[in-house]
Structures are given as C-alpha cells and as structure tokens.
There are 2 protein chains.
Amino acid sequence: MITVALAKGALLKDSVSRFANAGLDFSQVLDPSNRQLMVPSPCGRARALLVRNGDVPVYVAYGQAQLGIVGYDVLKEKNMPVATLLDLGFGGCHMNLAVKSNSGYKQAGDLPPHCRVASKFTNCAKTFFEEIDLPVELVHLTGSVELGPLTGMAEAIIDLVATGRTLKENGLISIEELFKSTARLIGHPLSLRLDNGDLRSIVESVQKQTVFSNSSA
Amino acid sequence: MITVALAKGALLKDSVSRFANAGLDFSQVLDPSNRQLMVPSPCGRARALLVRNGDVPVYVAYGQAQLGIVGYDVLKEKNMPVATLLDLGFGGCHMNLAVKSNSGYKQAGDLPPHCRVASKFTNCAKTFFEEIDLPVELVHLTGSVELGPLTGMAEAIIDLVATGRTLKENGLISIEELFKSTARLIGHPLSLRLDNGDLRSIVESVQKQTVFSNSSA
C-alpha cells in the first residue's frame with residue numbers, strides 16, 4: 001500500500017489531478033462534505049493522507065507517506081530529510097520582504113539594523129538576513145502577518161505573496177523577493193531506495209503530466 | 001487608545017462579551033462578513049486586534065496590545081513575558097495524553113522509552129515527559145494530530161480535548177491529563193505598571209462579569 005501526503009488548501013485540487021494521471025483517484029478529498037483524513041483510492045493500491053501544508057514533509061520524512069506534494073516555501077522552512085523529486089509548476093507564489101508603502105525603504109539593506117521583522121517563515125527569514133549580513137529581531141507569527149507593520153510591532157514582514165491583494169489592502173509593498181515557490185513532489189528517501197518499481201512508475205506518470213501541463217500552459 | 005488582542009475561533013464570542021461589560025463594544029468581529037483585523041470600539045477608547053490564538057501572547061508581550069484573552073494551553077506553550085490577570089472560566093478543555101484504545105497503555109509510564117509522541121504543543125509535552133523522566137521523541141505537527149497513531153508514526157499524542165469526539169471517532173482514548181485549560185485575561189507588564197487607571201478599570205469590569213458568570217453557571 002502506497003501512502004501519499006496531500007496538503008489541504010490551495011494545492012489540493014492540482015495535487016489530486018496529478019495523481020489521477022498515475023491511476024490513483026483521490027477525488028474524494030475534494031468533496032466539501034468529506035471528513036476523512038485517510039482516503040483510499042478505489043484501485044486499492046494507495047491511500048491519501050489529508051494534512052496541513054507544514055505536516056506533509058513530516059509524514060514523508062518519517063516514511064508514513066512515501067510520496068507527498070507540498071510548496072517549496074514549506075519545504076525550505078521545515079528543512080526535513082526528504083527527497084525532492086519534481087517541480088510540478090503549479091501553486092506559484094513568491095516569498096517576499098514587504099514594508100509599509102510610506103516607509104521609504106526601497107530594499108532590504110535600507111532596514112535599520114536590529115529592527116523587528118514578523119513572519120510565519122522565520123527559518124527562511126533567518127537565512128535571508130544572515131546572507132545579507134543584517135541583524136534583525138525575528139518575530140514569529142502564525143497568521144495575519146500584515147498586522148505586524150500596521151500595529152507598529154515590526155518594521156517589515158517576510159511572507160508568501162500570490163496576487164499581492166492582501167499587501168495592497170493593508171498599505172504594504174514588496175521590496176525584495178527571497179525566492180519563487182511552486183509545488184514539489186517529494187519522497188521518503190529509504191522507500192525510494194527500496195522501491196520495486198511502484199513508486200517510480202507513479203513519479204514517471206506525474207512527471208509526464210507535469211511536462212504536458214507546463215507546455216500547454 | 002487601548003488595544004486588546006482577541007483570538008479567532010472558539011474563545012471569540014465570550015471574549016467579546018467580557019469586554020462589552022467593560023464598555024468596549026467589539027461585536028463587529030463576530031459578524032461573519034467582517035474582514036477587518038483591527039476593529040475600533042464605537043466609544044473611540046479602544047480597538048481590538050483579531051489574531052490567531054498563538055499570536056495573542058506575542059502582541060501582548062511586545063506591548064502592541066495592552067490586554068488580551070487567550071487559552072491557558074497557548075499561554076503555557078508560548079511562554080511569553082506577559083502578566084496573567086484573570087482566569088475567565090470559559091473555553092474549558094483538557095491537555096491530555098491519548099493512545100490507541102487497543103494499545104493496552106493505561107498511563108504515561110507504560111509508554112516505551114524513546115517512542116514517538118506527536119503534538120501541536122511540543123513545549124507542554126517536553127515539560128510533561130521531563131517531569132516523569134520518560135525520554136520520548138516529540139514530533140511537531142500543526143494539525144490533525146490524531147493521524148499520528150493512526151498512521152503508525154507515533155505511539156501517543158498530546159492534544160487539547162474538549163468533548164472527546166475526535167479521539168473517539170479515531171479509536172483513541174485519553175490516559176492522562178496534563179492540565180485543564182480555560183481562557184485567561186493577560187496584560188503587557190510595562191503598560192500595567194504605567195497605567196493611569198484605564199486598564200485597571202477594564203480589568204475590574206471584566207473581573208466582576210467573570211465572578212457573575214461563574215456563580216450563575
């Protein structure tokens with residue numbers, strides 16, 4: 001039995017569609033009335049675990065799921081021992097540094113040393129500020145990071161930006177991009193080494209679908 | 001201007017009602033169509049920040065909110081430098097150790113040393129296992145912790161239990177209680193020391209309401 005970890009939320013629909021091409025039907029997880037967190041595929045060969053974004057690399061790292069689909073942002077933030085197999089291309093967004101639009105800051109280097117920066121992605125933020133050698137105080141928040149600058153708690157935020165609507169509505173602007181994020185297919189390293197072909201055939205089917213989607217996009 | 005941090009979710013309705021008794025009307029945050037995260041009270045004296053549970057102690061610790069209402073579970077997990085002012089009595093739930101009902105484990109001491117325990121509250125879990133001198137490997141999850149034992153990733157979980165329905169639906173049982181949690185009124189220590197009476201009068205009004213609610217319950 002192959003177990004696949006799928007992230008609830010924005011990536012779910014495309015994730016289900018990629019596995020469908022590999023013959024694994026997890027469409028039940030898209031039914032709004034579905035309450036099950038473990039969903040078998042009708043073929044009986046596999047099941048899906050429906051978990052939060054941040055938990056996908058955990059289930060794959062511990063081998064409870066052999067494969068998973070998760071955003072590069074989460075993968076980088078969690079830094080778990082998993083193998084990245086494919087860039088699936090969907091779920092595109094940017095990890096950006098943003099400030100109040102009237103702050104006058106044009107780039108990261110303009111921020112005052114030891115200022116506060118709020119983020120849900122404090123590991124990504126830490127790496128970024130270490131690389132540009134700017135000491136800052138990181139404040140970890142779990143949601144609505146845009147409130148950081150609005151309340152005066154933080155000079156800047158590091159957050160995922162998809163459309164930019166939330167920033168704009170809150171009088172914030174992006175001044176630097178840390179990296180671009182897309183969905184990735186990840187795997188449990190040991191399961192991949194011991195694979196008798198089942199995992200490889202799924203990965204190859206997902207890859208074909210990916211090449212097709214990206215070229216037709 | 002007094003700023004109050006309110007937690008989205010189960011505690012919100014009662015939190016709004018406690019501040020209403022102190023003359024601060026934040027009922028706008030209960031409107032399902034409300035998208036604002038900073039909500040002024042009509043009296044003009046105060047505003048509410050609508051944030052996630054885990055972020056309430058952060059805004060209060062940094063002084064961006066002078067007061068806040070949050071569950072004891074979050075307060076203990078985050079361990080931020082805030083003053084606990086009142087036990088408000090509502091939002092009661094238990095932080096429990098739970099295992100598969102067919103596991104045979106009757107108490108924490110039955111767990112095999114170095115087994116895995118999954119939790120959203122890994123700081124609380126760490127303290128608990130250190131106190132009973134049982135070395136375990138804690139796995140931090142951000143949601144659906146009950147999947148830990150179901151997938152075989154963890155032998156046990158430490159999680160908040162309100163009605164026990166989720167545990168039961170997933171074939172799990174509580175075997176030990178770490179602590180009981182209720183909502184707490186917290187304050188920013190420096191703001192309380194510099195208070196000219198405004199904060200004290202709010203705290204006293206909330207306290208009267210609390211005594212009344214608890215005695216009539």
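Into which domains is chain A divided?

**Figure 1. Chain A is divided into domain 1 and domain 2.** This is a predicted model, in which local features need pLDDT of at least 70, side-chain atom pairs count only at pLDDT 80 or more, and totals for chains, interfaces and linings use all residues. Residues are numbered from 1 along each chain as its sequence is written, while chains are lettered from A and ligands numbered from 1 in the order in which they are written. Domain 1 takes in 2-91 + 182-216 of chain A. Domain 2 covers 93-180. These bounds come from an automatic or database domain assignment. Chain A holds eight helices and eleven strands. Helices (H or I, at least four residues) and strands (E, at least two) are DSSP runs, numbered from the N terminus. The C-alpha trace of chain A spans about 55 × 35 × 35 Å along its principal axes. Of the 217 residues in chain A, 43% are buried. A buried residue has 20 or more other C-beta atoms within 10 Å of its own, with C-beta atoms placed from the backbone; an exposed one has 12 or fewer, and a partly exposed one falls in between.

**Figure 2. Where domain 1 of chain A meets domain 2 of chain A.** Six residues of domain 1 are in contact with seven residues of domain 2. Contact here is between two residues whose C-beta atoms, placed from the backbone, lie within 7 Å. The side of domain 1 that touches domain 2 has no nonpolar residues, three polar and three charged. In this count Ala, Val, Leu, Ile, Met, Phe, Trp, Tyr, Cys and Pro are nonpolar, Asp, Glu, Lys and Arg are charged, and the others, Gly among them, are polar. The C-alpha centres of the two domains lie 30 Å apart. Across chain A, residues 24 or more positions apart account for 65% of the contacts with a separation of 6 or more.

**Figure 3. The six-stranded open sheet of chain A.** Its order is β2-β3-β1-β4-β11-β5, with mixed pairing. Two strands pair if DSSP finds at least two bridges between them. At the edges are β2 (38-40) and β5 (83-87) of chain A, each pairing on one side only. From one strand to the next, the twist averages 25°. Axes are lines fitted to C-alpha atoms, for helices over the stretch in contact, and angles run from 0 to 180 degrees between N-to-C directions. Strands β1 (residues 2-7) and β3 (residues 46-51) of chain A run parallel, joined by six bridges. A:Thr3 has A:Arg47 as its bridge partner in β3(A). Helix α1 (residues 12-21) of chain A lies across β1, β4 (67-71) and β11 (183-187) of chain A. This helix runs at about 155° to β1(A).

**Figure 4. The five-stranded open sheet of chain A.** The order is β8-β7-β9-β6-β10, and the pairing is mixed. Its edge strands are β8 (137-140) and β10 (172-181) of chain A. The twist averages 25° from one strand to the next. Helix α4 (residues 122-131) of chain A packs on the sheet and touches β6, β7, β8, β9 and β10 of chain A. Its direction makes about 170° with that of β8(A).

Figure 5. Strands of a sheet pair through backbone hydrogen bonds, either parallel or antiparallel. Strands β6 (residues 93-100) and β9 (residues 156-161) of chain A pair in the antiparallel sense over six bridges. Here A:Asn96 stands opposite A:Asp159 in β9(A). Strand β7 (residues 116-119) of chain A runs parallel to β9(A), with three bridges. Four bridges join β7(A) to β8(A), also in parallel. A:Ser119 has A:Ile158 as its bridge partner in β9(A), and A:Ser119 stands opposite A:His140 in β8(A).

**Figure 6. The side of chain B that touches chain A.** Contacts link 21 residues of chain B with 21 residues of chain A. Elements giving two or more residues to this side of chain B are β3 (46-51), α2 (56-61) and α5 (147-151). The largest share, three residues, comes from α5(B). This side of chain B has twelve nonpolar, seven polar and two charged residues.

**Figure 7. How chain B is laid on chain A.** Superposition is by least squares on the C-alpha atoms of residues with pLDDT of at least 70 in both copies. In chain B, the C-alpha nearest the axis belongs to B:Thr142, 5.3 Å from it. The same surface serves both copies, as 100% of the contact residues of chain B recur in chain A.
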